Amino acid sequence: MTSRRPIFLVAMIAVLQLWSVAADAHQRSSGSQSGIAIAEISHGEMVMMAEYRDRIIDLAARATDTNEPFRRVLNYAQIQHAYCLWGKMPGGVTDEASPFNECSHAYLAATKAVLLSMRNMGAEAEEAEAIVSAIDAGMVLRGLALITCEFSGEAFNTADVVRPVWRNVPLHPGSMVTVTGFAAVLLAAAYCGRRLLRWIAP
């Protein structure tokens with residue numbers, strides 16, 4: 001029992017440090033508007049854009065006839081996706097109450113901007129148009145066109161990173177379960193690592 005206590009304390013300190021650093025993370029990193037403006041995205045559009053995100057980013061990554069604004073928006077879309085834990089948090093896209101919803105708006109708005117830019121590129125235009133048509137059709141079929149939420153009218157900027165609202169994680173059951181599960185995995189890994197080191201020690 002005593003040997004487990006230091007492992008538990010170290011893991012909990014690490015988790016709490018991460019939590020405290022991100023305590024006010026819902027606020028923008030700088031609030032700067034000096035970058036490239038990115039138009040807002042509706043809640044309904046987000047659902048379809050999330051489904052096609054990988055295809056859009058793959059197409060954009062293969063594009064050769066690009067310019068600096070395009071590359072900056074693409075880079076922003078990828079950075080925001082990472083800040084939003086790669087879209088893996090439950091309800092991040094669909095649940096307005098999720099602490100990850102605003103940052104999901106940011107990376108999907110940037111993804112949408114990348115897609116629309118590719119409609120004017122020679123090599124990528126045809127596939128980009130096909131994706132746009134599929135998204136439009138999906139929104140109509142699923143009745144998503146008129147669905148909005150708190151962040152639907154919010155525009156973004158490449159100079160302004162949007163982070164999750166970490167302090168609201170305990171208030172959102174899906175996020176809390178996921179974060180708790182991740183913390184449990186860290187604790188288990190630390191415990192197993194310690195046991196393994198003791199076993200192989202001479």
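This is a predicted model: local features need pLDDT of at least 70, side-chain atom pairs count only at pLDDT 80 or more; totals for chains, interfaces and linings use all residues.
Me: How do H2 and H5 cross?
Reply: The axes of helix H2 (residues 43-62) and helix H5 (residues 125-141) come within 10 Å and cross at roughly 170°. Axes are lines fitted to C-alpha atoms, for helices over the stretch in contact, with angles from 0 to 180 degrees between N-to-C directions. Helices here are DSSP runs (H or I, at least four residues), numbered from the N terminus.

Me: Parallel or antiparallel?
Reply: H2 and H5 are therefore roughly antiparallel. That label needs an angle over 145 degrees; under 35 is roughly parallel, 65 to 115 roughly perpendicular, and the rest oblique.

Me: Which H2 residues meet H5?
Reply: Among them are Met48, Met49, Tyr52 and Ile56. On the H5 side, the residues include Ile131, Ala134 and Ile135. Contact means heavy atoms within 4.5 Å.

Me: Now H4. How does H4 sit against H5?
Reply: Helix H4 (residues 101-118) and H5 have axes that come within 8 Å and cross at roughly 130°. That makes H4 oblique to H5.

Me: Which residues of H4 meet H5?
Reply: Leu115, Leu116 and Met118 do, against Ala125, Ala128, Ile131, Val132 and Ile135.

Me: How many salt bridges?
Reply: The count comes to 6. The rule is a side-chain nitrogen of Lys or Arg within 4 Å of a carboxyl oxygen of Asp or Glu.

Me: What does Glu45 pair with?
Reply: Lys112, at 2.9 Å, N to O. Glu45 lies in H2 and Lys112 in H4, so the pair ties together parts 67 residues apart in sequence.

Key
Residues are numbered from 1 along each chain as its sequence is written. Side-chain values use heavy atoms; hydrogens and water are left out. Helices (H or I, at least four residues) and strands (E, at least two) are DSSP runs, numbered from the N terminus.
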